[in-house]
Amino acid sequence: TWMKSSRHFTSDKRMTGPLVALAAIFISLFCTGVTLADSHERHRGESKMYGIIDSMPSSGFTGKWVVGGREVEVTDRTRIKEKHGLAEIGRYVEVEGVRDNDRLIAYEIEVERNRKKRGSGHR
């Protein structure tokens, strides 16, 4: 009887060790993945905002815009979507970009149909 219980104990111990190790590996991989994703999102600094175009460069789109009182930098790589109207002063737009201190470097500006469909804040 003593031998049987000893073997049984040894058998359980052998199974428990690998299961615990496997669980530890799984948990560490899961936690590492979550941490990397969170820090990646946090460091990208992406932002979306809605507002009325207050000012634009005098010629062309490239340069400093002011949308909803906030400075927006438009580059030659910024995509301007004018499906619902022209991008001009007084138009309501959605701006997507990357934050750089107090300004937003836009990678896309989309003219919206009207102001009532969207909230007028930052996301």
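**View 1. K48 and its partner E94.** At 23% relative accessibility, K48 counts as partly exposed, a class that lies between buried (under 20% relative accessible area) and exposed (over 50%), computed with a 1.4 Å probe on protein chains only. The side chain of K48 meets that of E94 in a salt bridge, with an N to O distance of 3.7 Å. The two ends come from distant parts of the chain, K48 from strand β1 and E94 from strand β4, 46 residues apart. A salt bridge here is a side-chain nitrogen of Lys or Arg within 4 Å of a carboxyl oxygen of Asp or Glu; by this rule the count comes to five. The model is predicted: local features need pLDDT of at least 70 and side-chain atom pairs count only at pLDDT 80 or more, while totals for chains, interfaces and linings use all residues. Residues are numbered from 1 along each chain as its sequence is written, and side-chain values use heavy atoms, with hydrogens and water left out.

**View 2. E94 in strand β4.** Strand β4 covers residues 92-100 and includes E94. Strands (E, at least two residues) and helices (H or I, at least four) are DSSP runs numbered from the N terminus. E94 counts as buried because its relative accessibility is 6%. A polar contact of 2.7 Å joins the side chain of E94 to that of Y50. Such a contact is a pair of N or O atoms within 3.5 Å; within protein, one atom must be able to donate a hydrogen and the other to accept it, and residues adjacent in sequence count only if both atoms are side-chain atoms.

**View 3. Strand β1 and its two neighbours.** Strand β1 (residues 46-55) pairs with β4 in the antiparallel sense over seven bridges. Within this pairing, S47 has G97 in β4 as its bridge partner. Strand β2 (residues 63-67) also runs antiparallel to β1, and two bridges join them. I53 has V67 in β2 as its bridge partner. Two strands are taken to pair if DSSP finds at least two bridges between them.

**View 4. Surroundings of G51.** G51 lies in strand β1. Its relative accessible area is 5%, so G51 is buried. Leaving aside neighbours within four places in sequence, G51 is in contact (heavy atoms within 4.5 Å) with V67, G68, R91, Y92 and V93. The C-alpha atoms of G51 and Y92 are 5.5 Å apart, although the two residues are 41 apart in sequence.

**View 5. Salt bridge between R103 and E73.** The side chains of R103 and E73 meet in a salt bridge of 3.5 Å, N to O. R103 lies in strand β5 (residues 103-111) and E73 in strand β3 (residues 70-81), so the pair ties together parts that are 30 residues apart in sequence. R103 is partly exposed, with a relative accessible area of 26%. E73 is partly exposed as well, at 22%.

**View 6. Salt bridge between E108 and K81.** The closest N and O atoms of E108 and K81 are 3.8 Å apart, and the two residues form a salt bridge. Because E108 lies in strand β5 and K81 in strand β3, the pair ties together parts that are 27 residues apart in sequence. E108 is buried, with a relative accessible area of 13%, whereas K81 counts as partly exposed at 26% relative accessibility. Elsewhere, salt bridges that share partners join E73, D100 and R103 into one network.
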